[in-house]
Structure formats: structure tokens, C-alpha cells
Amino acid sequence: MIGTTRVESTSASSRRPIATCVDWAICRRLDALPLAIELAAPWLKVLSAEHLLQRLEHDVLSPTIGRRDLPARQQTMNATVAWSYQLLEADEQRAFRRLGVLPGLFPIEAAAAVQTEDGTTPAALEHAQRTVAGLVERSLLQCVGGSCATRPLYRMLETVRAYAGGELTDSGERDVAMEGLARFCVTAAAAAGQQMMAREQGAWLDRVRDDLESVRSALSWLIEHDRHTEACEIVWQLMFFWLIRGHTVEGLRWYEQVTAATALPPSSRAAALAGTSVMWYAQGELVRARDACEQSLMLAAGSTTMAVAIAEVMLGHVELSSGNLGPAVARFTIALARFDDLGFAWGTSNALAGLARAALAADDLTETDRLLGEASAALSEAVGAWSSLLVLYVRALLAVRRNHAEEAIAHARDSIACVHSLNDRFALLYALTPLAAAAELTGDDAWVARIVGIRDAVTERTGARAVDESVRDLWERIERDAHARLGQRRWAREHEIGRGASMESLLKEVDERIHLASR
């Protein structure tokens, strides 16, 4: 209980201590709501139990605190938050109000950003840490574990945040707080954009995920206030997050909202359209992806920017996936030059791997080998593991073409392990293609059915699709033949098992196959 004073029961059946009348009165006053009790308890450090009860009796039930049209329990909860808020110092009250604009989890840097005086300069971290610590001590804020041990995250319970938001609106400070949040998100997105293809990409993808609710709030606010250029900076820098973490539908929605603005500068529009092409491609919409690429390149007018290079390499993939080898090679070659000029290792490797895909589609296995070697060499230790996935994919397909099932399974295993470590929801689909082909080479049709089930489940969850038309016939033949050999009932059973499989179970099965093959 809240109080510290205890009296002994005189009952013969029990000698356990029971709470004092003051304790029970406090709990009754708070309707025994756990959060209300939690909010009241910290004040016992500065108030006696009797004084706390007096304050609750005189303040919480006052008709001037909280909305009176709410259910009784909600009135009690709102009134308890209001009472606790009124006991804060003025500086803590201001911090409490400002933090009401932060939905979900947030780091201390975001807390400092919304406590800005002018909307442009965040509060000092020391000041933010002090006010946040005070609110945590009062149970108005929670410190929770984030994805990174050195980056603690905070959150407000929704009931508390709703009250803080109301106070913020009444104070007239909402726009300045949102300005601070928007600036934080622009800066954080720029940092993430630089690091998501670097060595620590997994940690940076997690950081974006941790900040995602704040990003969404900032984007909505910026778009509502016709500040599409800043919104575009955020969504463009987060392109790899939308792709890798399976948020292509959401990413596409943001890109379309920013490109709807007539006043968007050509360079920003070109970047947004390049990002749009990536989202459409991931969803298997090749015609729309091509259109977005062409619009992006037309706006860029031959300049060498990251958006131009992305649009060129995406056109290469679109053309190859459509079966147009000549145009694909031309686009990959242009993209390779663009990425070399920019010094972007992932892009250089991706363009070379694209050329290797085209060589494989043309049955030039020697050239495929050579280009894969160059693509691997383009990657350094400073580049994140995700950058190697296209190379692994083509190597696995090459092994299938040579009827080397064990080699194909090993390459697919490396891809799946990387995908799992990064929580990827897109590249997995490509790893599954040669894995299914290798399973067929081993004569295991049931495994083929399970792999197809995994593929279908991922597509349904994320909207992502493997659109490589150069292996579409391979997929169709594998499914058709394995289905025919297993029969409808066995196929359906194994397919359903695959749909419910976890990444861990997939990796375990692949490892078992590799172990058996090595014996």
C-alpha cells in the first residue's frame, strides 16, 4: 500500500499487518486505479499520507479539474493526472506539456527538441535530462529499454499524454513544440540515411523504428502546414528503412503525399519519385516503377545526384525484370558510372550485380562469375551486410543453373541469416527463389511447398513481391511440378506449415540440410 504506518490485526485467524485507514481512504479516493495510485505515490516523499489525502479530497474531486462528461473512473484518472501536474514546478509543467506531442517511444534528444524556446534551437540536453528525470520520478513518464543500451527511451502512458496534450493546446505552445519535433526528425533522418547502408546498419534501422511514431507525427504536421520540402527530406532519407523493414506501402503513401505539392522544388520531387520507384518495384508494380524512374530522371536533367543514380539502377532492374536485357544492361552501365562518381559502394555493387543478373539471363555463366567477383570486391568492411544480398542471390541462382544444389542452399542460407539479423521483410523473398529451386534439385517437394508458403505469407504481410521476371518461369515450373507430385492435400498441408513458419525455423531447416549434405 501507499502509506508506511501499519497497525496489527487482533483477529485470531490472522496476525498479518493491514493498511491504515488513511491508506484505504487514499485508494478509495483514487477508485483503486493502479495508474492513479502510481501517480499519487511519489508525492509521499514530500507529503505525509494524511496531507496527501487532504490534497486529494480538496483537489481531485473539484469540478474544475477534468472533464465531467467522462465515465467516473476516467474522471478520476484525469483528475489525478491534473492534480499531479499542478504540484509540479513551473519548469516541469512546461516540460510535461511539451512532451505531450511525442507519441510512442522517444529518446532524450527528442525531449530536448520539443522543449525548444523558439522552435529552432533545442533545449540543452542537461536541462532536458533534469526535467525528464523529475517526471519519471513523479511517474508521469516512464523510462523503457530501447533497441540500443546506450540510448534509453521514454514514453508517456496514453491517459497521461492525452492530458499533457490538452494542456499544451491550451498554453498555445503546440506549434513551437511540433516545430522542434520536425527539426529533430529531419536531423535524425539525415543521420540514419547516412548510416543505414554502413556497417552498423542494423542498429540504425532499429533507431528509425524506435522513432517511427515521432516521424509519422512530424510528417503529418509538416504536410498539413505545406512544408513538403522538409517532409520530402525525411521520407527520402528513410527510403532504405521503408524497403528493408517492409514498410513499402507506408513509404509509398508518404512519397505520394509530398509529390502532390505543386511548389516542391524539382530536385526534391526527383528524389521523391526515385523513392516512389523503389516502393512500386518492391510491390511488383513494374509499369508504375518505370514511370516514376523516368519522371525522376526528366526532372533531374542529367545531374549526378543520389536520386539520379537510384532512378537509373532501378530502371535497370525494371527492364531486366520485364525481360528486356539490352535496355537493362544500358541502364546498369549508366548507374555504375553514377555510383562510382558518388563513391557509393552499395550502389556500385548493386549495379554490377544487376549486370551479372543480365549475363545470367543471357546464359553467359562465365561473364556472370566475373561480374559477381567485381560486385563483391566493390564492397568494403565499412559497408553493411545488406549490400551483399543481391550478390548472394545471383550466386545462388548461378549454382542452381549449374545444378549445384548444396552450393545454392549455402548461399541462400547466408542471405537468410543476414535478412534475419536485419529484420528484413523484402530481400527474404529473393533468397527464397534459389532455395526453392535447390529444394527441387534435392527431390524434396514437401520442402518446396513450405518455401512457397513462406513466400506467400511474407507477401501478404508486407505487400512486397519478388518481381524478377528472368526467374518467373522457374518459380511457376517448380510450383506446378512439385504440386503435381505431392497432390492437392499434401501440398496444401505443407504450404500451410510454411505460412506459419518463423525465420528461426527456416534457418534451422536449412542448417539441417547443409549438415546432412556435408556428411
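**Aromatic rings in a predicted model**

Phe240, Phe339, Phe344, Trp346 and Trp386 form one aromatic cluster. The model is predicted, and it holds 13 aromatic pairs.

Q: Why is the pair of Phe339 and Phe344 called tilted?
A: The ring centres of Phe339 and Phe344 are 6.0 Å apart, and the planes stand at 50°. Centres within 6.5 Å make a pair; planes under 30 degrees apart would be stacked and planes over 60 edge-to-face, so the rest are tilted. The angle of 50° therefore makes Phe339 and Phe344 a tilted pair. Both residues are buried.

Q: What makes the pair of Tyr393 and Tyr430 edge-to-face?
A: The planes of Tyr393 and Tyr430 lie at 85°, with the ring centres 5.2 Å apart. Planes over 60 degrees apart count as edge-to-face, so the angle of 85° puts this pair in that class.

Q: Why is this pair said to link distant parts of the chain?
A: Tyr393 belongs to helix α21 (residues 389-401) and Tyr430 to helix α23 (residues 427-441). The two are 37 residues apart.

Q: How do you know whether Tyr393 is buried or exposed?
A: Tyr393 has a relative accessible area of 3%. Buried means under 20%, so Tyr393 is buried.

Q: Why does Tyr430 count as buried?
A: The relative accessibility of Tyr430 is 10%. The cut-off is under 20%, so Tyr430 is buried.

Notes:
Residues are numbered from 1 along each chain as its sequence is written. This is a predicted model: local features need pLDDT of at least 70, side-chain atom pairs count only at pLDDT 80 or more; totals for chains, interfaces and linings use all residues. Side-chain values use heavy atoms; hydrogens and water are left out. Buried means under 20% relative accessible area, exposed over 50%, partly exposed in between (1.4 Å probe, protein chains only). Helices (H or I, at least four residues) and strands (E, at least two) are DSSP runs, numbered from the N terminus.
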